[in-house]
Amino acid sequence: MARTRKTSREALEEKIEKAEADVIAAKKKYDQATANLKELLDKRDAIRKEEILSAVVKSGRSYEEIMNFLNAGSDGEKTEK
């Protein structure tokens with residue numbers, strides 16, 4: 001049985017189709033990885049918020065004291081908003 005040789009155009013079209021499929025697969029994997037990263041970062045942020053809230057409650061400081069501290073600049077003076 002004789003094999004027919006593909007024209008360069010047909011070979012090029014096949015390579016393009018394969019490259020497109022590769023890009024689609026890579027994008028799907030990228031999207032899954034970024035969604036996973038976002039989920040993990042959200043969980044970390046929730047844990048950090050809970051830790052901060054717990055520390056504030058345990059500190060015994062008033063709301064005003066905490067806000068003054070948080071709004072203070074590096075030299076201890078209030079910063080402008």
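Colleague: Which residue follows α1, and what is its phi?

Modeller: The residue after α1 is glycine 60. The model is predicted, and in this model the phi of glycine 60 is positive. For glycine 60, phi lies near 75°.

Colleague: What span should helix α1 have, and how far apart are its end C-alpha atoms?

Modeller: Helix α1 covers residues 8-59, which makes 52 residues. The expected span is 1.5 Å times one less than the number of residues, so helix α1 should span 76 Å. That expectation agrees with the model, where the end C-alpha atoms of α1 are apart by 75 Å.

Colleague: How many helices and strands does the protein have, and what percentage of its residues count as buried?

Modeller: The protein has 2 helices and 0 strands. A residue is buried when its relative accessible area is under 20%. Of the 81 residues of the protein, the share that counts as buried is 1%.

Colleague: Which residue meets lysine 18 in a salt bridge?

Modeller: Side chains of opposite charge can pair when their charged atoms come close. Lysine 18 is exposed, because its relative accessible area is 53% and the cut-off is over 50%. With an N to O distance of 3.1 Å, the partner of lysine 18 is aspartate 22.

Colleague: How far apart are the closest N and O atoms of lysine 27 and aspartate 31?

Modeller: Lysine 27 and aspartate 31 are 4 residues apart in helix α1, so about one helical turn separates them. Aspartate 31 counts as partly exposed, at 33% relative accessibility. The two residues form a salt bridge, and their closest N and O atoms are apart by 3.0 Å.

Colleague: What is the N to O distance between glutamate 39 and lysine 43?

Modeller: An α-helix has 3.6 residues a turn, so residues three or four places apart point the same way. Glutamate 39 and lysine 43 are 4 residues apart in helix α1, and glutamate 39 is partly exposed at 43% relative accessibility. Their side chains meet in a salt bridge, one of 5 in the structure. The N to O distance is 3.4 Å.

Notes
Residues numbered from 1 in each chain as written. Predicted model: local features only at pLDDT ≥ 70, side-chain atom pairs only at ≥ 80, totals over all residues. Heavy atoms only, no water. Buried < 20%, exposed > 50% of the residue type's maximum accessible area, 1.4 Å probe, protein only. Salt bridge = Lys/Arg side-chain N within 4 Å of Asp/Glu carboxyl O.
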